[in-house]
Structure formats: C-alpha cells, structure tokens
Amino acid sequence: MSSPRDPLTVAPATDHRAFRTEHLQADTVIVGGGLAGTCAAVTAARAGARVVLVQDRPVLGGNASSEIRLWALGASAQLSNNNRWAREGGVLDEILVENTFRNPEGNAVLFDTVLLEKVVAEPNITLLLNTAATGVTKEGERIGSVTAFCAQDSTRYELAAPVFCDASGDGVLGFLAGAAYRMGAEGREEFGELFAPEESYGALLGHSIYFYTKDVGVPVRFTPPGYALDDITEIPRWRSFDTTVQGCRLWWIEYGGRLDTVHDTERIKWELWKIVYGVWNHLKNSGAFPEAETLTLDWVGLIPGKRESRRFEGLHMLRQQDIVEQRTHEDAVASGGWSLDLHPADGVYSAHEGSSHLHARGVYQIPYRCTVSRDVPNLLLAGRIISVTHVAFASTRVMATCAQIGQAVGLAAAWCARDGLLPADLVHPERMRALQRELLRTGQHIPGLRLDAPDDLARQATLTASSELNLATMPADSPAVPLDHSRAQLLPLAPGRVPRLTLTVDVAAPTTLRVEIRTGNRPDDYTPDVVLAARDFDLGAGEGQRITLDVPASIDAPRYAFVVLRRNDDVSVRTTSHRVTGLLSVTHTSTQEADPAVGRPRVEFWTPERRPGGRNLALSIDPPLRAWPAASLGNGHARPTAQPNAWAADVDDDRPTVRLRWDAPRRLTRLELSFDTDFDHPMESVLWGHPERAMPFCVRHYLVRAGERVVAERTDNHQTRDTLTFDPPVDTDELSVEVLASHGDTPPAIFAVRCY
Ligand SMILES: Cc1cc2nc3c(=O)[nH]c(=O)nc-3n(C[C@H](O)[C@H](O)[C@H](O)COP(=O)(O)OP(=O)(O)OC[C@H]3O[C@@H](n4cnc5c(N)ncnc54)[C@H](O)[C@@H]3O)c2cc1C
C-alpha cells in the first residue's frame, strides 16, 4: 500500500529528475502475461515461489484477452481431428472450466476477469500490469535482473531473481539477453522437414485484427475513415466476406508475413485497420448486403494479434517428424495436437487458401528441453517462442498448448529457485521424473505418461466401490440418425474376444450394410486404421431391425474399438439418450489423403458431434463391458486414454460410494479428487458459446466420511480437480466418498482419488 500523498506538493525547479524506481527480489520473474505466462505464474506461485509477473498491457491473456479476442485452442482443435479427450489439463483446465461455468456465452471481457481473478488469488504473485520489460542486466552468461517500466505509474522496476521466464511472445528477454533465435522458415534440408514451405507459404505467419458487429435494430450509416481500403477486390477472396462473420472467424484477415513482425508491428496494424474498415465499408455500403442496414461496428481490435516472430534455440528443436511420427521423449512435459498449420506469406492479399494443414494421427509430446535456452543458463522459454522449427511452430503455437508449456516452465522455475539449480539441471532423469510426476499430479496431461506417486496414501489402501457399472445395454430411446456418413461407437474393450454387439436400424429399402470392428494403430490412438473384422448384413426394408455382430476378432490390449457402420443412404441407426464417462460416438467427416512428398499421412477423421449433441448409438453388449472398475481410481490416469480410467457406479446404485481401507490408521491432510468435465469438449474461451455451464458427467455434490463420521461435504463442485484440506488432519483406517449428485443424468464417475 502506498502512503497517502500530502495535500499539496510544491516541487522546486531542478536540473534533473528520474522516475521512481522500485527494486523487487523474486524467485522467478515472468515476462508476458499471455496464457503461457499466466499459467507459468500460477504454477510457480503454487509451488511456493515468489513470482513477479510483468505484463505490458492492462489485462492478462495475450491474444486471448478482450483486447484481441482469439479463442484459446489446443489439441482438441474444435473437434476437427482424432484427438479424443485431449483438452489440456492443469491450470488452463481450471480457467476454461470456470469460464464455461460463468461465461458460457463467450464474452471476452468476462474471460479477462477469470484470468485476473486466478492470478490475484495467488498471494505469491506480484502482478505488474501495464508494465513493459525494457532491459536486462547480465551477470556473466546469466540474466541478473530485468528492467521494466509502467507508464501509468511513472515507475521503473528493477526485478532480480535467480531464474527468468520469457513468455512475451516476441521473446524480449531472450532477445535482450543475447540468446540465439530464429525468425522465418527453415529450408527442407536443415531438419529434413518435407512440409517446409515453398516461397508462397514461406516467411512468417502474419498479424490479424478482428472486429465485432451488433444489430441495433434501426438503420445505421457508416462513413469510412480516409485510410480505409477503397477497392475490396484487392483482396482476392473478397467474396468470402458476409455479414455473419466476426471475431475469430476472420482469422484470415492476416498481414505482415513478409515484414519484420517485431519491429514493423505498428505498420502492420495500420494496414490491418485499413483492411477492416474497407471490409466494413463493403458490407455496409456496397448494396450487396441489405441486412447490414441495422448493423454497426461494435468493436475493432486496437492491438494486432501476433502469430509468429522469434523462436529461440533450446536444448532440443522440435520438428515435423517429432509431431507426425508422435515421437516419445524422456523429458515430455506437455502435449500438442493442433495440425501443422501454415499460412501464405501474403496473408489476406494472397490468392492461396488461408491455411495449409498437415494433421498427425494423434497427439504428440513436447519435451522440456524445448523450453531451456541453449545460451542463457537461467532463462526458460514459454509459449510460442519455444525451440521449434517454423513447421513445428505451426502446431505448437496455439494458446492451450502454450499454456501447458507455461505450466511446465512455471514449475521448473520454482524448483530451480528452491533447489539452487539451473533449468538445464532438471533434464537429469531423476529430477525429470519428479517434475513430470508433479505436473501430472496437478492435472497436466502428458500423453503416454501416468502418475506414479509413491506418497499417495491411496496406493496403500484397498479400494472398493458400492457398485461398478457393467454396461450391457444402451436402450434405443432416441431418434435414429441417417448413415449419410459412416458412423461409429467407441467402446472400451478388454483383451480377449470382441463381445456380441446388437444394434437397431431402420431400413428404407433393401440393402447391404457393412459393419466393422476397427482400432487405432496404438492403444491410445483414435484414428481407426486397423479393420479387425467386417460383416455384411443383407437387410430388407423395415423399422427397428436388430442386427447382431458376433465376430471371432479379439483385442490384444485394453483399448477402444470402433464399432463402425459404413455409409448407407438407405439405413438409419438408433441412438440412446444414455451418457457414460468415456463413451462417445463419432462420424467419418473427411479424409486427409496421404502426400508422401510433404510427409502427410493418410488420416480418416472420425469426429464427435459438439455438446450437447453427440448421442451414443443404442447397443446391447454381451458380455457386458466392465470398463469402469474401482481399481481405475488408482491407475494414474485422470482422463480416458486406452480405457475410460474412471470408476462409474451402476445406474441403480442409490448410494454410489468408493471406499479406501487401510490395515492401520493413516493421518490424512489432503484429499484430491478428479472428475469428468468432458476432456473432449474444447471449451473455446470466447465467441463460440457453450450449451452447458457445467459438464453433465461432473460430480456436483459429494460427502467424505472417515469411518462413519462426515469430514467434508461439497455441494457445488463443477471443476475437474477438487482438493480438500483436512485441518486438523484426519486419522482413520477408512475413507469413503459418496456421490450425491452430478450435473447431469449420468452414472456417477470419478477418475482419481488421492490422499496425502
Ligand atoms: C489472428 C490469430 C489467430 C490465431 N488463432 C488462434 C486460435 O484460434 N487459437 C489459439 O489458441 N491460438 C491462435 N493463434 C496463435 C496464438 O494466439 C499465439 O501463438 C499465442 O497467443 C501465443 O501465446 P503466448 O502466451 O506465447 O503469447 P501472447 O498471447 O502473445 O502473450 C504474450 C504477452 O506478453 C506481453 N508482452 C510482450 N512484450 C512484453 C514486454 N516487453 N513486457 C511485458 N509484457 C510483454 C504481450 O502483451 C502479451 O500479452 C492465433 C494467432 C493470431 C495472431
């Protein structure tokens, strides 16, 4: 708190004045408050570090803030790919789940408040808004301090710490500290990347500015400013503009890919304003859009969203092959799943498509070494500036991926400060295992890794449940869906023979329907490349026909199988209203054809319908699926992977309860529970809107008992992870969790129960 000012200040003339300077000592200084910096700061603070977070703008979120209004996306990519249950976990998950709960309409201003609240709730964070990092001092190779300036407060800051994180998007810290960086596109030869762009798609991804419109119900005139684009046909795809698009859907209003996207940003901004007002002039005044009569411009971005500038060289440089081949890394700390998404260098003025995509079959790991500066030993990199090639950057750059990288970097920074280590020291296998373990424990999803926490007292307990879901039938109580595309039901199968499956179909005219059992190439892969069995059913016309698939196929390891009904214009398949944790139906929407010349694999996209759609197919399963045992609660996964990894109760269980019993009393100080907030739902942060505030599978109300004594009750949970602290500690040889209500009509389910 600053002290109150004297009622009157009379300052005599002087030769020299300097701004007030504040010196702050922290455990880590994080520059940049985009989603990467925000998640890094929260994670570091929760790990006990004193954090200074320096953000040059008035709010947090970077490109996701109300100043720019991009929706935060990541591996689940708006359900356009095969990355099932891939929404990012950890701090970003808390943020997106909270935003969906408070702000399902996707109001960008409210998203700002969710982010700000998350940061100011951490007493360990000193948040400096409107404060730009402007310099560094070096001590040998290391950064000693960062200089920053807040024009609002006329205050300079000297910020000292043993370890620094650069999450500034342009990499201002790394740049000033002299770290090696790259800008632009590498050629094919350097990293053997076949997707490395030719001239037209080369250079950098450009900046963009969005606008929002509003219907005010009365005619509104628009006189364009003198700097607006006169001739809309200068934009080769000008016919694509119409009055329905605004915000993120204008992502292709892009410019600057051939300029210096750091130092020419103001120039690029003016060009983007010129385009935006020219587009609006076209919509309002060309006469082609009578519905524009009552529309007005509600908002135009004042700051351009930056896609690409510097990428820094770290201990590993992620490349196309790491992503497409889904290579594993000993030091994996985060995941990605967006396509390699390159844009034409001339942006909106290019006649090319706005983007060129190359999808991998599934998600990929991001190694910690990509975040460790090769040259500045106490500098960590987070967000879009990490050590990746231009091609790999085209995937890692999306904000949810950046946020996960931020979470890993925040924890690494806290541990370096605590233990007197440098970031590179954490690559050591034992330290890396510990880092990965703590990331997993706090909700980060690292594909292929599961939590193995020796200090989790639940591991020493016998786990039982009042009941376990045995799924025998999902009744045909909902409308039939036409097989205008091939459709499939994902079923979590155990090793052994595929169960007998009975579906219900309506047939308009005699036909042959092909039904298949397919799997992915890998147990946790949802691209159904492998056909295990197929059968043709000759069907006459008629409604409600039951067809039974009984094939001699068997499953080698626990994994999801796809029960595929191939496209058939004469057939519809019945669906069910029943929803269960870890069950999904998908549709074959499109196919990425293989192109070996650029390293593009063939990928059939089998994607679910968005919430609240996406009904399961009605099915009878014999023998029933037993994929939701109580043992799942301790298997180290907290989302579906090769199996649902959840305990789910029988639908008729009127007191669904899980119980942990120890051979002798244990002293418990903390209970951590993981619930199902539908990791398949992308929860875009702005504009899109969501039909539900809380996910139906998520437990809302539960009781915790030690023996017979109630030690905690939660009535209003909607978050993925819920942590209860026992103060004083609870001494007991039996702990139970009884689920009283979920947010929807689904069997109660829990992914993980951990005790400390
Ligand atoms: C038009 C456009 C469309 C895109 N589409 C999507 C999309 O739909 N979904 C998606 O997830 N991603 C999208 N991206 C990519 C994504 O927005 C960026 O890659 C991402 O924002 C990078 O995250 P970051 O945290 O590294 O950087 P940023 O979000 O840029 O955050 C960096 C922060 O650091 C601050 N900063 C910079 N310099 C300083 C300094 N000197 N001192 C203090 N603070 C500083 C900045 O103000 C900013 O707030 C798009 C990008 C653009 C431009």
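**Helices up close**

Guide: Start with helix α6, residues 265-285. It has 21 residues and reaches 29 Å from its first C-alpha to its last. That is close to the 30 Å expected at 1.5 Å a residue. Keep in mind that this is a predicted model. Helix α6 is mostly covered, with 16 of its 21 residues buried. Just after α6 comes G287, which takes a positive phi of about 85 degrees.

Now turn to packing. Two packed helices are described by the angle between their axes and the distance between the axes.

Take helix α1 (residues 35-46) and helix α9 (residues 399-419). They pack at an angle of about 35 degrees, and their axes are 7 Å apart. The crossing of α1 past α9 is right-handed. On the α1 side, the contact is made by L35, A36, C39, A40, T43 and A44. On the α9 side, it is made by M399, C402, A403, G406, Q407, G410, L411 and A414. The contact residues of α1 with α9 comprise 10 nonpolar, 4 polar and no charged.

Helix α9 also packs with helix α10, residues 429-441. Here the angle is about 125 degrees, with the axes 10 Å apart. The two helices, α9 and α10, are therefore oblique to each other. Again, α9 passes α10 in a right-handed crossing. From α9, the contact uses Q407, A408, L411, A412 and W415. From α10, it uses R431, A434, L435, E438 and L439. The contact of α9 with α10 divides into 7 nonpolar, 1 polar and 2 charged residues.

Technical notes:
Residues numbered from 1 in each chain as written. Predicted model: local features only at pLDDT ≥ 70, side-chain atom pairs only at ≥ 80, totals over all residues. Heavy atoms only, no water. Helix = DSSP H or I, 4+ residues; strand = E, 2+ residues; numbered from the N terminus. Expected span 1.5 Å × (residues − 1). Buried < 20%, exposed > 50% of the residue type's maximum accessible area, 1.4 Å probe, protein only. Axes fitted to C-alpha atoms, helices over the stretch in contact; angles between N-to-C directions. Left-handed = near helix turned anticlockwise from the far one by under 90°. Contact = heavy atoms within 4.5 Å. Nonpolar A, V, L, I, M, F, W, Y, C, P; charged D, E, K, R; others polar. Parallel < 35°, antiparallel > 145°, perpendicular 65-115°, else oblique.
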